[in-house]
Amino acid sequence: MSVPARKLETPSSLPPTRVRPSRTPATRPPRATPSRPHRRARRGSPFAFWILVAIVAGVLIIGIASLSAMLVQTSFQGDDLRSQLGNLQQQHEVLRERVAAASSPQRIMEWARERGMRMPENVEILHLPATDREPA
């Protein structure tokens, strides 16, 4: 089942709209009492204000200069630490080479010969009997 479509209202069937005339605002009547002259609010001395501004500006300038000096000093310390790190890395490499040279089998053999040690001529291997005890 279908529902019949609504019929659209035509402009002739709409009620006529009323057009209102434009209104002009009424003018205010003149004031009976004259307005009071505004007095300037007294907030303090302008001299004190300028002194306060000068103090605040001075503190800010000193603070910015101090911060800048601290940043420069930190930068110099960082550069010094980087150069020390480079020197220590070079020393580390030199020491590693010296350790490698000192622990080579050829050098150990030469050191032993200088002290009167020699290679064994007859090597005997001793077999120990197995024990039930665990080593201490």
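Mentor: R115 counts as partly exposed, because its relative accessibility is 49% and the exposed class begins only over 50%. This is a predicted model. The side chain of R115 meets that of E114 in a salt bridge, with 3.6 Å from N to O. E114 itself is exposed, as its relative accessible area is 64%.

Side chains of opposite charge can pair when their charged atoms come close. The distance of 3.6 Å between E114 and R115 qualifies because the cut-off is within 4 Å. By this rule the count comes to 4 salt bridges.

Another of them joins the side chains of E121 and R118, at 3.9 Å from N to O. Both of these residues, E121 and R118, are exposed.

A further salt bridge links E93 and R96, with an N to O distance of 3.8 Å. Here the two partners both belong to helix 1, which covers residues 46-102, and they are 3 residues apart, about one turn of the helix. E93 has 40% relative accessibility and therefore counts as partly exposed.

V59 is exposed, since its relative accessible area is 54% and the limit is over 50%. Together with F47, I51 and I55, V59 forms a nonpolar patch on the surface, and the accessible area of these residues together is about 410 Å².

Note on methods
Residues are numbered from 1 along each chain as its sequence is written. This is a predicted model: local features need pLDDT of at least 70, side-chain atom pairs count only at pLDDT 80 or more; totals for chains, interfaces and linings use all residues. Side-chain values use heavy atoms; hydrogens and water are left out. Helices (H or I, at least four residues) and strands (E, at least two) are DSSP runs, numbered from the N terminus. Buried means under 20% relative accessible area, exposed over 50%, partly exposed in between (1.4 Å probe, protein chains only). Patches are made of residues with over 30% relative accessible area and no salt bridge: like charges are joined within 9 Å, nonpolar side chains (Val, Leu, Ile, Met, Phe, Trp, Tyr) within 5 Å. Accessible areas come from the Shrake-Rupley method with a 1.4 Å probe; for residues, only the protein chains shown count as cover.
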